[in-house]
Amino acid sequence: MSGVGDASGLGDAVVKQGFYVRPRHRNVLVLWPAILTVAGRRLSLVDHRDRILLDAPAHEVSVRFTRFGLMHLSHGGRRLPLQRQGANWSPNFTTRQVEELKAAGMPVPGLAGGMGGGGGDGLLDAMTALGALGDAADAGAALGSGGPLRRTWAPYLTALGCSVQLGG
């Protein structure tokens, strides 16, 4: 993820990444696509229906990384578990979301050349299946370390002023 590991130029930096949001009390086989935007020292998360799930200054947001690779954002008593891959029945990112991520130079989860996700078919499914072999090896190695989200996002969010908890 370009620019995320280095938080030195936080002033005007805008970082976007596509995630899947895990529903709290619903079917966990369907995760919803959303885009996390960090602009300056403010975080916002907007879902596939253009609903604002989070919009707050970084110092008001607490973040917890699990050993299974989830990133939980908490603000105002609301917890938003995020992960990089969708589930079997997760919808694709919308056309608007795809355009927004591509304009930011970011990979789109579920598209060829992006991160694996739900809702593909044909060649994309074959590529995802091959990529899953590498993902499984990475996941095995990352178990207990919090995975790639923790390694990339924890230092950046800490530098922004978020309260970051590693592990658990």
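Mentor: In this predicted model, the cover over the buried residues of helix 1 includes strand 1 (14-21), strand 2 (32-39) and strand 3 (42-47).

Trainee: Which residues of helix 1 are buried?

Mentor: Buried means under 20% relative accessible area. In helix 1, which spans residues 95-103, the buried residues are Q97, V98 and L101.

Trainee: How do these buried residues fall when helix 1 is seen down its axis?

Mentor: They fall within an arc of 100°, so they line one face of helix 1.

Trainee: Which exposed residues does the face turned away from the buried side carry?

Mentor: Exposed means over 50% relative accessible area. On helix 1, that face carries T95, E99 and A103.

Trainee: What comes just after helix 1?

Mentor: G105, which takes a positive phi of about 75°.

Trainee: Now the strands. How many residues of strand 1 are buried?

Mentor: Seven of its eight residues are buried, so strand 1 is largely enclosed by the rest of the structure.

Trainee: How many bridges join strand 1 to strand 2, and do the two run parallel or antiparallel?

Mentor: Two strands count as a pair if there are at least two bridges between them. Strand 1 and strand 2 are joined by eight bridges and run antiparallel. As an example to find in the structure, K16 has T37 of strand 2 as its bridge partner.

Trainee: How many bridges join strand 1 to strand 7?

Mentor: Two bridges link strand 1 with strand 7 (residues 78-83), and these strands run antiparallel. Here V21 has L82 of strand 7 as its bridge partner.

How values were computed:
Residues are numbered from 1 along each chain as its sequence is written. This is a predicted model: local features need pLDDT of at least 70, side-chain atom pairs count only at pLDDT 80 or more; totals for chains, interfaces and linings use all residues. Side-chain values use heavy atoms; hydrogens and water are left out. Buried means under 20% relative accessible area, exposed over 50%, partly exposed in between (1.4 Å probe, protein chains only). Helices (H or I, at least four residues) and strands (E, at least two) are DSSP runs, numbered from the N terminus. The arc is that of the directions from the helix axis to the C-beta atoms. Contact means heavy atoms within 4.5 Å.
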